Each structure stands twice: as structure tokens, then as C-alpha cells.
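Hi,

Here is the structure I promised to pass on. Have a look at it first, and my notes follow below.

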Amino acid sequence: MTQQPHAAQPSAGTASTPAPTPAHGLGPTPTETAWATGGVVFAGVLMLVKGVLAIFQGISLLAKDDVWSRVGDYVYKINLTGWGVILLCLGALAVVTGAFVLRGAAWARMTGIFLASLSMIAQFLFLPYAPFWSLIMVGVDFFVIWALALYKPEGRV
């Protein structure tokens, strides 16, 4: 019968080194920073794709397509033409901002957070028209806000 140790014991003369943490203890860990660095590229791509989809959605709403259900009594009721203009404008701004996020523009990250916040509010208000799609877009907006807010370029503290 062999006995298995419960934890590996360090040999004499070697000490286990803890993972590096930020000096002030308030910033992101290296793992979070790696996720945010990759996440900011993904957020830029998501903004581009989401913007293009919002433009198509806005055009569809402006064309008064029969795909969209008519909502009877809704507190935040806006007609389909109004939603078309809102989504078309947000989509065009998201495409431009997403392209500049991918180019590394600092102003684009702040603008992207603002636009994703506006988009999140708009999708919440659009919920009765397309509930499943709106929930997915709120989740995408949440990720975009997280990735853009957490990202810190090299050389900045």
C-alpha cells in the first residue's frame, strides 16, 4: 500500500514564490490584465459587428418591416420609425468608435464605454419588441464596458 502525500512539500532551499500582485493592492491582477488586453480587441470587434447589426436593424425598422411586433400599451413606447433612427445613429457611432478602439485610440475607449452604456439602456427599452435579442445585446454591452474600462495600455499606471 502506497501513501500519497496531501500536498507537495517544498524541498529545503527552495521557497514557493507567490504570484505577483499590484503594489497598491487595488489594481487588476496580471490575469485580469491579460483578459482585458485580449478583451479590448474583442470589444472593438464586437462594437464593429454590433454597430453594423444595429444599422441593419434600424433600416429594417425604418422600412416598417412586418418582422417587428406591434406593442400595445408600453410605458416607453416609441414608434418603429423612432427606434429605427435611434438604432441607426447608435450603430453608425459604434462602427466608427469600434474601428478606433482597434487602432488603440484612448478617446475611443471612453467613447466606447459611453456608447455601450447608451446601447444597454436602448436595448432595455427595446425589450418588448425583441426580448431575446435585447438580452443578448445587453450582455454584449456589459462585456464591452468591462473590457474597455479595465484595459490599461503598457506604460500607463
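Predicted model: local features only at pLDDT ≥ 70, side-chain atom pairs only at ≥ 80, totals over all residues.

Residues are numbered from 1 along each chain as its sequence is written, and side-chain values use heavy atoms, with hydrogens and water left out.

First, the fold. The chain has four helices and zero strands (DSSP runs numbered from the N terminus, H or I of at least four residues for helices, E of at least two for strands). Of the 157 residues, 31% are buried (under 20% relative accessible area with a 1.4 Å probe, protein chains only). Among contacts between residues at least 6 apart in sequence, 73% join residues at least 24 apart, a contact being heavy atoms within 4.5 Å.

Next, the cavity. Searching the whole structure gives one cavity of 30 Å³ or more (a set of points on a 1 Å grid over the protein atoms alone where a 1.4 Å probe fits but cannot get out; lining residues have an atom within 4 Å of a point). The largest cavity holds about 170 Å³ of space, the volume being that filled by probe spheres set on the points, which are joined across faces, edges and corners. It is lined by 16 residues, and K50, L90, A94, S119 and D141 are the closest to its centre. The lining divides into nine nonpolar, five polar and two charged residues.

Finally, the aromatic rings. There are six aromatic pairs (rings of Phe, Tyr and Trp, the last by its six-membered ring, with centres within 6.5 Å; planes under 30 degrees apart are stacked, over 60 edge-to-face and the rest tilted). W83 and F126 are edge-to-face, because their ring centres lie 5.1 Å apart and their planes are at 70°. This pair links distant parts of the chain, with W83 in helix α2 and F126 in the loop between α3 and α4, 43 residues apart. W83 is buried at a relative accessible area of 1%, and F126 is buried at 0%. F126 also pairs with Y129: the centres are 5.1 Å apart and the planes at 25°, so this pair is stacked. Elsewhere, F42, F143 and W146 form one aromatic cluster.

Best wishes

Terms used:
1 Å grid on protein atoms, 1.4 Å probe; cavity = no way out; pocket = protein on both sides within 12 Å on 5 of 7 lines; lining within 4 Å. Nonpolar A, V, L, I, M, F, W, Y, C, P; charged D, E, K, R; others polar. Buried < 20%, exposed > 50% of the residue type's maximum accessible area, 1.4 Å probe, protein only.
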